[in-house]
Structures are given as C-alpha cells and as structure tokens.
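Please look over the model below before using it. My notes are set out as numbered points.

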Amino acid sequence: MRYRIIATLFFLFQLLGISYAGETFHIWKKWGNGRDRVVVTPYIPESVTPTSAVIVCPGGSYFWLDKKREGHDVAKWLCENGIAAFVLEYRVAGKVEFVFGTRLLYGGNRFPRMLQDVQRTIQLLREEPEKYNINPDHVGVMGFSAGGHLAMLSAQLCGPEYLEKEGVITNVSLKPDFVASIYPVVTFINKPYIHKRSRRAILGEAVKEDGDIARLLSLEHHVSEDCCPVFLLNCRDDNVVHYYNSVLLDSALTEKGVNHLYLQFEKGRHGFGINEVERDGKPYSWKEDLLTWLQGLL
C-alpha cells in the first residue's frame, strides 16, 4: 500500500511538470554548533537543458522563518515555471532567544551567520551544478522582508572572507547573478524607517544600534556600480516594514546605474508572499513581471 501511494504521488508530480529532487540536504553537515541544522529543500523542474536557480530566503525578522508562505509556496511556483528553486532555512536568532534576550548570556545566531548560510548554498550549487541540472552562471537569491534584506546583502558582501572564517575555501564566485528583494528591510540607521525587530535580531543585543555593523548592514549605503541586476517590489500600505525602505534602495540603485526594476503597488500590506497585490484598485499578479524580468536577463 505504501509503495502504491509513493508511485501515485510521483505520477502526479510528473503530470504537474515538477520533479522533487530527493531529500532536504544539510549545507554544513558535520560542522556542528547549530550549523548542522541549516537545511535546503530543492524543487527541480523537468528540463532537458540546465535551468536558472533561485535560492529562496523566507522572512521572519531574522528571529524566525515563514517557511511556507515565503519559502515552499514560492519554490513550488518557481519550479512550475521551469526554474530550479532551493528553500534555505538560514540561521536566525530564535523566538525564545529573541524574546528573553538570552543571547547576552551564551551568544547565539547573529550576523554574519545568516550570510554565511547563503554563501555556502551558492558555493555548493556552483560547484556541482549538474547535480540539480542548473546553470552555474545564473544563480540568484530571492527573499522576503528580512529575507529580502539578506538576498540583497549577499550581493553586497560577496567576498570569500565570511566563509573563510569557517574554514571553507572555494574557487567559485559567491556573488549572486541576480537578486529579487520583496518588501525588504533595508536600513538600520535611518531612524524613521528602521524595522527594529530585524535590527535587534541580526545585530544582537550587545551591539550599538548606530555602530559600524549597523551601517555595514544598511543596504542603501553599500550599492556598488558592479552590483548584479535587482528586482525590487513592495506596497505603500506595508504595515510592518515602512515602504520607504524600498525607496531608499531604489534611489541607491538608480544613483549607481544598476540594472534594476522597482515595482511599487498601492495595497498588499506585508507578508503577501507570491499572492496578488492591488494596482489601480484591482487585484494584480506581479509574478508575471518577475518571470518576464528573469527571462530578460537570459
């Protein structure tokens, strides 16, 4: 009976054009110290030729992860549209640790651990692209809210020094080929627009809120002319992360002449994932805009 169910599920996946590529895998296997809990879940489409790859970073204010709405739902949709997707459960502060501030006593997850997780995933995909039938020259990062901040951060702080701290040496580039940042956290120093939960979670309780690390992680101050292409999207009625975060990033990208597309909608609030937003008073599916943009990069 069990094998009949498995066979039926496999057949359904084939009808949908989806091939689930084996088991969730650990990117820090045997590293220990909490790193062994960082996992990636792949969704691989049926394709004769290598496909684009997108690492999906769910949001959650850097202390939890919205794995379904901003992770697996996104990856399944990408896969259905011929794009290989990899849901990354990167390290975050943790709900208990964040609420009770226990990181002050025994340390815990803070920057740069979440960035190391993204870089490690990029490294593994580029070192073995044939394993998932992907194009190693078209590996991007897509993130939502705090995950959108992390996606953009991976394009700005893309040197090898963060992985080298963990003893990881690689010859592949750690810079993503493109970034999709959806209703992202952007600034940690521009006071009217700071998302305080995300700032505290990624910086840690003992770090100065206006210090060097806060400035380093404020995306609007570190856009370079050689930044990869960026897809940026948010809504003006965002009730969690002030919409002007995205305006700051758009302005910085424009100033540096970076190839990017910024879409701002009237309504959709925060945390809509890949669901519709509102444009001109009507429901609007922005997903087609992303697919068209990605196709244009090819």
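1. Basis. This is a predicted model, in which local features need pLDDT of at least 70, side-chain atom pairs count only at pLDDT 80 or more, and totals for chains, interfaces and linings use all residues. Residues are numbered from 1 along each chain as its sequence is written, and side-chain values use heavy atoms, with hydrogens and water left out.

2. Confidence. The protein chain has an average pLDDT of 92 (the predictor's confidence in each residue, from 0 to 100). A score of at least 70 is reached by 93% of the residues. Residues 1-18 fall below 50. Beyond near neighbours in sequence, this stretch has seven contacts in the model (contact means heavy atoms within 4.5 Å). Where pLDDT is low, predicted coordinates should not be read in detail.

3. Main core. The largest nonpolar core holds 63 residues. Such a core is a set of buried Ala, Val, Leu, Ile, Met, Phe, Trp, Tyr and Cys residues joined through side-chain atoms within 4.5 Å. Buried means under 20% relative accessible area, exposed over 50%, and partly exposed in between, with a 1.4 Å probe and protein chains only. Phe86, Leu88, Tyr90 and Phe111 have the most contacts inside the core. Helix 7 (residues 146-156) gives the most to this core, with six residues. Helices are DSSP runs of H or I with at least four residues, strands are runs of E with at least two, and both are numbered from the N terminus.

4. Phe86 and the second core. Not counting residues up to four places away in sequence, Phe86 touches residues including Val40, Ile44, Val54, Leu125 and Tyr132. A second, separate core has 31 residues, among them Tyr43, Val54, Phe144 and Leu233.

5. Leu88. This residue is in strand 5 (residues 84-89). Leu88 counts as buried because its relative accessibility is 0%. Leaving out residues up to four places away in sequence, its contacts include Ile27, Val39, Ile55, Cys57, Asp117 and Thr121. Leu88 and Ser47 are 41 residues apart along the chain, and their C-alpha atoms are separated by 22 Å.

6. Largest pocket. Its volume is about 420 Å³. A pocket is an open set of points on a 1 Å grid over the protein atoms alone, where a 1.4 Å probe fits, with protein on both sides within 12 Å along at least five of seven lines; lining residues have an atom within 4 Å of a point. Grid points are joined across faces, edges and corners, and the volume is the space filled by probe spheres set on the points. Of the 20 lining residues, Gly34, Arg37, Arg91, Val92 and Asn109 lie nearest the centre. The lining divides into seven nonpolar, six polar and seven charged residues. Ala, Val, Leu, Ile, Met, Phe, Trp, Tyr, Cys and Pro count as nonpolar, Asp, Glu, Lys and Arg as charged, and the others, Gly among them, as polar.

7. Second largest pocket. The volume here is about 180 Å³. Its lining has five nonpolar, seven polar and no charged residues. Helix 12 gives the most to that lining, with three residues.

8. Ser246 and Arg69. Ser246 lies in helix 11 (residues 244-255) and counts as buried, at 1% relative accessibility. Arg69 lies in helix 2 (residues 68-80). With a relative accessible area of 38%, Arg69 is partly exposed. Leaving aside neighbours within four places in sequence, Arg69 is in contact with residues including Gly271, Phe272 and Asn275.
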